[in-house]
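Good morning, and thank you for joining this meeting. I would ask you to turn to the sequence and the structure, which I shall now go through step by step.

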Amino acid sequence: MPDMQAILQQAQQMQQQLVAAQEELARTEVTGTSGGGLVKATVTGGMELKSLQIDPKAVDPDDTETLADLVVAAVRDAMSSAQKLTEEKLGPVAGALGGGGGMPDLGGLGLPGLK
């Protein structure tokens, strides 16, 4: 029979690794672009939009739809990069906690922060 204390200790260590990875992601910024770099969006690994830069060449008062499309495309590009970064950082920890791309239900272990 597995040693329950060792299992709990291992789960706590994995939770600490997960929290550390999440904190690192929250500080890490990635940039997405569109229109050949005319629009740049910067987001954190936590999916928070931090900045948006628009080159004046992208601004045409008679064609705001294109500008809006460029902004959406840049934000999507940045979010996609942030998602990939999240998968890279959290993938190994998530895999250790249960694999299969999903987090197991560890709430029954009585560990704080695990639901």
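**Overall architecture**

Let me begin with the fold. This is a predicted model, and its secondary structure consists of 2 helices and 3 strands.

The protein has 115 residues, and 27% of them are buried. Its accessible surface amounts to about 7,500 Å², with carbon and sulfur atoms providing 52% of that area. As for the contacts, consider those between residues at least 6 apart in sequence: 48% of them join residues at least 24 apart.

**Helix 1**

I turn now to helix 1, which covers residues 4-27. How far apart should its ends be? At 1.5 Å a residue, the 24 residues of this helix should span 34 Å. The C-alpha atoms at its ends are 35 Å apart in the model, which agrees with that expectation.

At the N-terminal end, helix 1 is capped by Asp3. A side-chain oxygen of Asp3 lies 3.2 Å from the backbone nitrogen of Gln5. Further along, the buried residues of helix 1 include Ala11, Met14 and Gln15, and Leu18, Ala21 and Leu25 are buried as well.

Next, the strands. Strand 3 comprises residues 49-54, and Ile54 belongs to it. Together with Leu52 and Val59, Ile54 makes a nonpolar surface patch of about 230 Å².

**Thr86 in helix 2**

Finally, helix 2, which runs over residues 64-97 and contains Thr86. Thr86 has a relative accessible area of 16%, so this residue counts as buried; the cut-off is under 20%.

Which residues does Thr86 touch, leaving aside its neighbours within four places in sequence? They are Leu25, Gly45 and Gly91. Leu25 is the residue I asked you to remember, one of the buried positions of helix 1.

Thr86 and Ala26 are 60 residues apart along the chain, and their C-alpha atoms are separated by 9.8 Å.

That concludes my presentation; thank you for your attention.

Note on methods:
Residues are numbered from 1 along each chain as its sequence is written. This is a predicted model: local features need pLDDT of at least 70, side-chain atom pairs count only at pLDDT 80 or more; totals for chains, interfaces and linings use all residues. Side-chain values use heavy atoms; hydrogens and water are left out. Helices (H or I, at least four residues) and strands (E, at least two) are DSSP runs, numbered from the N terminus. Buried means under 20% relative accessible area, exposed over 50%, partly exposed in between (1.4 Å probe, protein chains only). Contact means heavy atoms within 4.5 Å. Accessible areas come from the Shrake-Rupley method with a 1.4 Å probe; for residues, only the protein chains shown count as cover. Patches are made of residues with over 30% relative accessible area and no salt bridge: like charges are joined within 9 Å, nonpolar side chains (Val, Leu, Ile, Met, Phe, Trp, Tyr) within 5 Å. A salt bridge is a side-chain nitrogen of Lys or Arg within 4 Å of a carboxyl oxygen of Asp or Glu. The expected span of a helix is 1.5 Å times one less than its number of residues. A polar contact is a pair of N or O atoms within 3.5 Å; within protein, one must be able to donate a hydrogen and the other to accept it, and residues adjacent in sequence count only if both atoms are side-chain atoms.
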